[in-house]
Amino acid sequence: MKPALTPLPDPPRLLLGPGPSTMPPEIAAALSSPLVGHLDPLFLKIMDETQSLLRDLFRTSNRLTIPMSATGSGGMETCLVNLVEQGDRVVVGACGAFGARIAEGARRLGAEVFVVDAPWGTPVDPARFIAEIGARRPALAALVHAETSTGVLQPLDGIPEAARRADALLMVDCVTSLGGVPVDADGWPADALFSGSQKCLSCPPGLSPATFGERALAKIRARKTPVTSWYFDLSMLEKYWGTDRVYHHTAPISMVVALREGLALAFEEGLEARFARHARHRDALVAGVSALGLGLLVAPEHRLPMLTSVRVPDGVDDGAVRRRLLAAHAIEIGGGLGPLAGKVWRIGLMGHSSRPENVLRALSALGECLQEAGFRCDPREAAAAAEPLLRH
Ligand SMILES: *Cc1c(COP(=O)(O)O)cnc(C)c1O
């Protein structure tokens, strides 16, 4: 007898947290298409098309632009294990959980890590970061472009130039930014960038689009020691995704097909229109939560378009509201991490989740849950504040 399984939710969840985002039907269809073999000439064409679309999205001509068979953290690990050797100096900007994760990853590889931090809810000061690069002359400088744990967009002002002057590689975590705000690998320029399939590209989690420039490849070729991870060794992955197609591992075929579809959808919409849509819906959400009487963690000039951190009002139980949103309204939002636990809600409007009807649904459901929790607010006022900004 087949074991009884917990059924999946019906109606489906509306994913408005820090990722994953809600999957559009086109990607769901691509995911459930029949499998082709991973060395089938057809799949090789699918790999080529995926790489080409990824280059356009990262705005790069980097040959080594691939979806890593891993989540976003696997993309981070790939960058670190390939670009850092024991004893290397690494300067990391950390103003949230994901910057701290990079620092920890580098430490575990035996690097000498220098953290330039900033209070959660603010970006790392580019001037301080640049000064640290100048003082330490690291092998690698690393930053998070969109800090999903706080909702802050990191300005890069002058940082890429400073890294070049110091002969340091620049690595940028673009997990949440890619597909939601401009990412410009060649224009910045940055040497190693990684992302995730489940944030602004609205695919399931499982792939980490990543790109590596010539300076990064030169560092890998000049390594004194082999890369400690077999699976993430780019010198082998480069052959798998290159013209030789040397078997390395079985690509997660369905995920690659889904990612290719997600990328095609992004270009069908147009990148500028997509970035504008994320910003517009963020503005409407901000107007709505403000009308509910809620405060925001991040100053307007540093707010992410795809993730908004809203302060939990005094006397309201963060977890109880989120549980109620899920149970009664089928809406998932995120709670705070680390020092922000219990203090903020993180509302994501990423990729396919960033839609006018979702903004209104979130505001009305959150308003209702807050009223039930004894907080005085008017969900109709929130809708009235958001609606004009949603017209396009
Ligand atoms: C989600 C996220 C990650 C981690 O990605 P996983 O897919 O969860 O491994 C890393 N950095 C940032 C900025 C993220 O938002």
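A polar contact is a pair of N or O atoms within 3.5 Å. The model is predicted.

**Contacts with ligand oxygen**
- Thr148 places a polar side-chain atom 2.4 Å from an oxygen atom of the ligand.
- For Thr176, the distance from a polar side-chain atom to an oxygen atom of the ligand is 2.9 Å.
- The ligand taken alone exposes 380 Å², and the protein buries 88% of that area.

**The shell around the ligand**
- The ligand is surrounded by 13 residues.
- Thr71, Ser73, Thr148, Asp173 and Lys199 are the closest of them.
- By class, the shell holds six polar, four nonpolar and three charged residues.
- Two helices, H3 (72-83) and H4 (97-108), each contribute at least two residues to this shell.

**Helices H10 and H12**
- H10 spans residues 271-291, and H12 spans residues 356-372.
- Their axes come within 10 Å.
- The crossing angle is roughly 20°.
- Angles under 35 degrees count as roughly parallel, so H10 and H12 are roughly parallel to each other.
- The crossing of H10 and H12 is right-handed.

Technical notes
Residues are numbered from 1 along each chain as its sequence is written. This is a predicted model: local features need pLDDT of at least 70, side-chain atom pairs count only at pLDDT 80 or more; totals for chains, interfaces and linings use all residues. Side-chain values use heavy atoms; hydrogens and water are left out. A residue is near a molecule or strand if one of its heavy atoms lies within 4 Å of it. A polar contact is a pair of N or O atoms within 3.5 Å; within protein, one must be able to donate a hydrogen and the other to accept it, and residues adjacent in sequence count only if both atoms are side-chain atoms. Accessible areas come from the Shrake-Rupley method with a 1.4 Å probe; for residues, only the protein chains shown count as cover. Helices (H or I, at least four residues) and strands (E, at least two) are DSSP runs, numbered from the N terminus. Ala, Val, Leu, Ile, Met, Phe, Trp, Tyr, Cys and Pro count as nonpolar, Asp, Glu, Lys and Arg as charged, and the others, Gly among them, as polar. Axes are lines fitted to C-alpha atoms, for helices over the stretch in contact, and angles run from 0 to 180 degrees between N-to-C directions. Angles under 35 degrees count as roughly parallel, over 145 as roughly antiparallel, 65 to 115 as roughly perpendicular and the rest as oblique. A crossing is left-handed if the near helix is turned anticlockwise from the far one by less than a right angle, and right-handed if clockwise.
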